[in-house]
Amino acid sequence: MFSSNQPFIYSSSINPNLHPTNKIKLSTLKSTPNHVTNLPESFKVRGSHSYGEMIGPGRPQIVLFGSSIVQLSFSNDGWGAILADVYARKADIVLRGYYGWNSRRAIKVLDQVFPKDAAIQPSLIIVYFGGNDSMGPHSSGLGPHVPLPEYIENMRKIVTHLKGLSDTTRLIFLSCPPVDEVKLSENTSSIFSELVRTNELCRTYSEACVELCNEMGVKVIDLWTAFQKRDDWMTACFTDGVHLSGEGSKIVVAEILKVLKEAEWKPSLFWKSMATEFSEDSPYDLVYTDGKTTLNPSDWTFHREIQWD
């Protein structure tokens with residue numbers, strides 16, 4: 001237990017050395033019992049003593065930053081979960097998704113989620129905002145709608161901040177996917193007021209995101225176009241007309257891996273080019289039919305429904 005006049009650090013993960021966002025100094029506040037009594041011991045660091053050190057070694061980190069399409073990316077065979085499988089033992093997928101958020105809210109937390117003074121920065125950040133921004137304005141002035149010019153400037157601020165993290169932090173932005181307006185209207189609860197989402201609005205914001213990223217020299221994936229290359233996209237790609245089904249997530253993963261494979265980044269962040277952790281041969285591996293040698297399973301992928309390239 002901390003006394004009421006001891007400074008403390010709150011750690012959002014266990015090992016502050018693995019990634020810059022893992023250790024967030026709230027301040028050297030004088031903590032009160034209310035500050036600390038509800039925190040588990042593994043989240044408290046005092047002086048030179050830390051509690052709950054995470055196991056190593058540190059891996060490259062790929063951060064997914066965005067709204068509900070990011071937050072839900074580990075649900076329903078989501079694209080975040082698929083990436084975590086593809087990058088198993090190669091990189092850690094870190095989820096920073098915020099249901100219902102727009103770009104206006106995102107820019108307010110950039111310094112907290114991605115502090116520029118962190119000792120270690122992410123290797124890759126995949127960013128998605130725009131679906132909520134593109135919703136029609138509510139008559140009350142409330143709600144997630146962000147006018148297109150402001151959305152563009154907010155996204156510019158996000159790009160600028162993230163590009164400034166380090167020379168080796170890479171970025172991929174995702175533009176708005178389309179929506180299935182029919183399914184959306186069928187699944188929208190009556191508790192919502194004046195909820196306006198249209199495919200045309202998504203197109204407008206998607207094009208603005210793509211244009212901005214091209215202007216700023218950032219990799220961008222045009223999801224609005226990518227989804228509609230599939231004939232049955234409306235029936236196959238969404239759970240509710242907006243959020244992604246497993247089939248929709250497969251499109252996202254295929255597009256991300258294509259960018260990573262073709263990018264001339266050094267070091268490469270394409271999964272096949274990255275080292276596999278602890279991949280040395282071992283006498284403890286399964287024994288081959290000859291009864292004399294073992295089979296190294298470190299890079300086996302036969303369990304995957306799709307053999308990603």
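1. Buried here means under 20% relative accessible area, exposed over 50%, and partly exposed in between, with a 1.4 Å probe and protein chains only. Helices (H or I, at least four residues) and strands (E, at least two) are DSSP runs numbered from the N terminus.

2. This is a predicted model: local features need pLDDT of at least 70, side-chain atom pairs count only at pLDDT 80 or more, and totals for chains, interfaces and linings use all residues. Residues are numbered from 1 along each chain as its sequence is written, and side-chain values use heavy atoms, leaving out hydrogens and water.

3. Look at helix α3 (residues 79-86). Its buried residues are Trp79, Gly80, Ile82, Leu83 and Val86. Viewed down the α3 axis, they fall within an arc of 160° (directions from the helix axis to the C-beta atoms), so they line one face of the helix.

4. What do the buried residues of α3 pack against? Their partners are the strands β5 (61-66), β6 (92-97), β7 (124-128) and β8 (170-174), plus the helices α2 (68-71) and α11 (246-262). Contact means heavy atoms within 4.5 Å.

5. The whole structure holds two cavities of 30 Å³ or more. A cavity is a set of points on a 1 Å grid over the protein atoms alone where a 1.4 Å probe fits but cannot get out; lining residues have an atom within 4 Å of a point. Points are joined across faces, edges and corners, and volume is the space filled by probe spheres set on them.

6. The largest cavity has a volume of about 100 Å³. Of its 13 lining residues, Ile69, Tyr128, Gly131, Arg197 and Val242 are closest to the centre.

7. The second largest cavity has about 60 Å³ of space. Its lining includes Ile69, Trp79 and His243.

Terms used:
1 Å grid on protein atoms, 1.4 Å probe; cavity = no way out; pocket = protein on both sides within 12 Å on 5 of 7 lines; lining within 4 Å.
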